[in-house]
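Subject: Structure for you to look at

Hello,

I am passing on the structure we spoke about. Please open it beside this message, as the notes refer to individual residues.

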Amino acid sequence: MLGQRIQELIKEAKIIRNDISKWRRRNIPDTTFIFILSFIIGILSGLGASCLRGLIVLVTKLLTSSLEASHIGYILLILPLIGILLSSVYSRYIAKDDMSHGTEKIIRLIKKRDFRLKRNLTYSPIIGCSLTLGFGGSAGAEGPIAYSGAAIGSNIGQAFGVSPRLMMILIGCGAAGAISGIYKAPIGGMLYALEVLKVEMSTVSVVAMMMTCLISAMVSYSLSGFNVDVQFDQLRAFEPSVIPLVLLMGVFCGLYSFYYFGIMRYIDGKLRAIKNHWAKNIIAGTALSAFIFLFPALYGEGFGSMTKVLADNVSSITYCSLYYHYHGDTITLLLVLTGMILVKAVCAGLTNSGGGVSGDFTPTLFAGCMAGLLFAMFSNYVFGTHLDAANFALMGMAGVMAGVIRAPLMAIFLTTELTGNLGLLVPITITASLSFCIVKICMKAPFFQSAYVSAHLDEPLSADSNQSSE
């Protein structure tokens, strides 16, 4: 009797939904309706991004509150492994969905026009990501929150029975709004949808995504006390006389992007070859824990470390490490920075492909920040220049993201919006553009499509994936 009653209620709900959909088509034009839904998606994606950011901070504080800068963080030898295992268990046995590589999955569903995403994907990536990054996974939150935002757009579209074309715009709005909310970067979020996801570019879609991104960013700002995540108060004004070194910095970022991309591909391939989930999780988690123990600044997203570096507190990269008592020695700092930028790509690959629920953007920002710092410190130490290390660290953030992700406009605006500082827009643009050009000339395939999408385009999105909308 109960099962029969449930079936009757489901049928009644479908009839009501169809009636509402017919009334909407008769009375509300598609363009107007898309703008209304984009406003709603902006609020929900902003709330989701704020929730994820809060959960990551909460878990991180609970686990690392006992650590002191001058003491070696032995607990780091186990936390990332636990995080990978918990995230993997949650994904496989509770959410029952593969939530890794969120951006790649969005690209796949757009390519395959498979616009229906399950309801649990509106919140499951948030929980999985908070476990991964809160326990020290060295990656970002943007992939999971973009996947969650796309699911919000998809489910709202399904609820109102919109056409496949409008459904794609709503998915783009959800993903872009989520990126805008997690970084508090509305222009960066919109460019993510256009440059990375390749969402249809029309007046309606661009305006709808811009509206979603603005609303999401404002929600995220209001819930965080209107503060940026990476505070940067420019200590020294940019001097045009250093433009030749800025050009050299762009070349350095481009070359480093080759290394970063190659390592990510290599790690991803090796881990995908391991068919046993438990073996993959343990191998990736153990290696990740070892690297983070060696370089504690790699713990989590790294926003705290980036903020300290941009505030000219370079010695912060040695906190809780074996090298803390040598934090005043320039040679030690240069060696630690070199080790960090070499290992960061490995850690991001282990986190993203080893069972974690995380993203690819923030690791490139962190790697670029440390690469820019290394470039400036090395130049000052060896050649006697007087480069502002914090300024070059900020340029490096945009340079490496532009080179690795192949989205220079997003990298430029996301970096400036993330830090709330436009004073270095010209050198940031030079660095990002040159890095992108070097990589683009020598490497044809975009990062996401070459790293994951092309190889897995013919696979179903999940074992119980819904069919494409008609």
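This is a predicted model: local features need pLDDT of at least 70, side-chain atom pairs count only at pLDDT 80 or more; totals for chains, interfaces and linings use all residues.

Arg 113 sits in the loop that links helix 4 (102–112) with helix 5 (124–134). Although Arg 113 is not a glycine, its phi is positive, at about 55 degrees.

Cys 320 also has a positive phi without being a glycine, here about 60 degrees. The residue belongs to the loop between helix 12 (303–310) and helix 13 (330–353). Is Cys 320 buried or exposed? Cys 320 has a relative accessible area of 10%, so it is buried.

Next, the surface. A nonpolar patch there is formed by Ile 36, Phe 39, Ile 40, Ile 43, Leu 44, Leu 47 and Leu 223, which together have about 570 Å² of accessible area. Helix 2 (residues 30–64) contributes the most to this patch, with six residues. Phe 39 is part of helix 2, and its relative accessibility of 40% is why Phe 39 counts as partly exposed.

The largest nonpolar core has 139 residues, and the members that touch the most others are Ile 106, Tyr 183, Tyr 192 and Met 410. Which residues does Ile 106 contact, leaving aside neighbours within four places in sequence? They are Ala 146, Tyr 147, Ala 150, Ile 171, Ala 175, Tyr 192 and Leu 197.

Regards

Note on methods:
Residues are numbered from 1 along each chain as its sequence is written. Side-chain values use heavy atoms; hydrogens and water are left out. Patches are made of residues with over 30% relative accessible area and no salt bridge: like charges are joined within 9 Å, nonpolar side chains (Val, Leu, Ile, Met, Phe, Trp, Tyr) within 5 Å. Accessible areas come from the Shrake-Rupley method with a 1.4 Å probe; for residues, only the protein chains shown count as cover. A salt bridge is a side-chain nitrogen of Lys or Arg within 4 Å of a carboxyl oxygen of Asp or Glu. Helices (H or I, at least four residues) and strands (E, at least two) are DSSP runs, numbered from the N terminus. Buried means under 20% relative accessible area, exposed over 50%, partly exposed in between (1.4 Å probe, protein chains only). A nonpolar core is a set of buried Ala, Val, Leu, Ile, Met, Phe, Trp, Tyr and Cys residues joined through side-chain atoms within 4.5 Å. Contact means heavy atoms within 4.5 Å.
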